[in-house]
Amino acid sequence: MTLQARLARLTGNDMVRDVLRLVTGTVGGRVITLAAMPFVTRLYSPQDFALLAVYLGTVTMISAIACLRFDVAIPVAGDDSDAAHLLVLALLIAIGTALLGLIAVLLAAERIAGLLGQPALAPWLWLVPLGVFLSGSYSALQFWATRARRFGSIAMTRITQAAAGVSTMLALGWAGVAPLGLMLGNLLNASAGGFRLGIDALREDRTALAGVSCRGLVKAFAAYRRFPLYSAPEALVNMAGAQVPILIIAAFSPSEAGFLLLAQQVMAAPMKLLGSSISQVYVSRAPEEFRAGRLADFTLSTMRKLVVLGMGPLILAGVLAPILFPIVFGAEWSRAGEIVAWMVPWMALQFISSPVSLVMYVVGRQRAMLVLTLFGAIVRIGAVSIAAQSGGGLMIGAMIGASAIFYGVCLVIFIISSRLKLLNIIN
């Protein structure tokens, strides 16, 4: 039986087609990135990866609220007019956020780098506002394309982004421009596809975008104010829970942060291969399924597919990583392989829960999502902080254990929110 036939039995043909489109692009992007990593790890040191970890953590936290979460509202908007106003609103706010960040960097780059625990990052902090703008605009345009089910275009951006990012990392690394090449390459790898999605929107959705007005922007801001009120703090807290522990680890042990970053990037392969693709398809269809009273069944089918298709690669990665990392990435990266093996339970729970997390927005439980992510931030940051004060040797173990607990709780909450019953899951 072919892969497509197996997917069809689990999810239905429409969803299969959409997922396969995204998976095709994601596979291409991940193959390009993973194929380059053995060369990248030989061009850049663990200390360079530690600076990258701090840079990515900073960009990721700010980017999460760069659009005040109006980007997330685009797929669930009531009509195309509302969605178009939300898209423009999200892009304008992303520009404003990036400009504020640029002013801060120009005025106090060294102070900011010191607060982040990495003074050596100061010359490269100008990349942060640039990364925030590109990530925010790409997110908004990707959600717009998701609403239109323009999954082929999204897939292509993942390939072009990976090619641009890898080329930059390798070229600048070969020229000895470190750590700039590593940071700039990752910036392009995460957000360079926004230009293509923007062109597609202007070409295909000109009528909807032409109707955008200042009055409509104010009306959309008011109508969807729950997203900046509840979803933006939730997203910031969520990112803080994920990234602040890495910043703490980098401050106490930069090389450990570099090893952790490589381990996370490798483990992200199956996550991005299927998880992010399924998540986009899920959110494009979840509002319709909710209105039709089928959200529980739809969520259950999505989760079952994640279990069937994702657990094998994750477990295999955990078993093989300690053996293969020294061979593939170089002997100095063997520690990263050990970290991968420890991460399997955390990644498994995250892999199942994250793609269906937007169920909380579909059913209007933004406040509950904020409380949930606040719990996750407290657990993860608290665990790593305690480990750091105890000598630092258990920081990564504390982060992994706390993250597994958080995503386990998330899974239970998402199940309850979609009105699934435990008996349905078991059966």
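Analyst: Happy to! Let's start with a term: a residue is buried when its relative accessible area is under 20%, exposed when over 50%, and partly exposed in between, using a 1.4 Å probe and protein chains only. Also, this is a predicted model, where local features need pLDDT of at least 70 and side-chain atom pairs need pLDDT 80 or more, while totals for chains, interfaces and linings use all residues. Residues are numbered from 1 along each chain as its sequence is written, and side-chain values use heavy atoms, leaving out hydrogens and water.

User: Zooming out, how many helices and strands are in the chain?

Analyst: The chain has 19 helices and zero strands. Both are DSSP runs numbered from the N terminus: helices are H or I with at least four residues, strands are E with at least two.

User: What about the overall size?

Analyst: The C-alpha trace spans about 55 × 55 × 40 Å along its principal axes. Of the 427 residues, 55% count as buried.

User: Which residues touch the most other members of the largest nonpolar core?

Analyst: Phe-49 and Tyr-55, in a core of 124 residues. The largest share of this core, 13 residues, comes from helix H13 (residues 254-291). A nonpolar core is a set of buried Ala, Val, Leu, Ile, Met, Phe, Trp, Tyr and Cys residues joined through side-chain atoms within 4.5 Å.

User: Tell me more about Phe-49!

Analyst: Leaving out residues up to four places away in sequence, Phe-49 touches several residues, including Met-37, Tyr-44, Leu-182 and Trp-333. Ring pairs also link Phe-49, Phe-259 and Trp-333 into a cluster.

User: How many aromatic pairs does the structure hold?

Analyst: Seven. In one of them, the ring centres of Tyr-224 and Phe-227 are 6.4 Å apart with planes at 45°, so this pair is tilted. Rings of Phe, Tyr and Trp (its six-membered ring) pair if their centres lie within 6.5 Å; planes under 30 degrees apart are stacked, over 60 edge-to-face, and the rest tilted.

User: Are Tyr-224 and Phe-227 buried or exposed?

Analyst: Tyr-224 is buried at 12% relative accessibility, and Phe-227 is buried at 6%.

User: Switching topic, where is Asn-238?

Analyst: Asn-238 is in helix H12, residues 226-252. Its relative accessible area is 18%, so Asn-238 is buried. Apart from neighbours within four places in sequence, Asn-238 is in contact with Thr-373, Arg-380 and Phe-406.

User: Last one: is Arg-419 buried or exposed?

Analyst: Arg-419 is exposed, at 71% relative accessibility. Arg-419 lies in the loop between helix H18 (395-417) and helix H19 (422-426).

Technical notes. Contact means heavy atoms within 4.5 Å.
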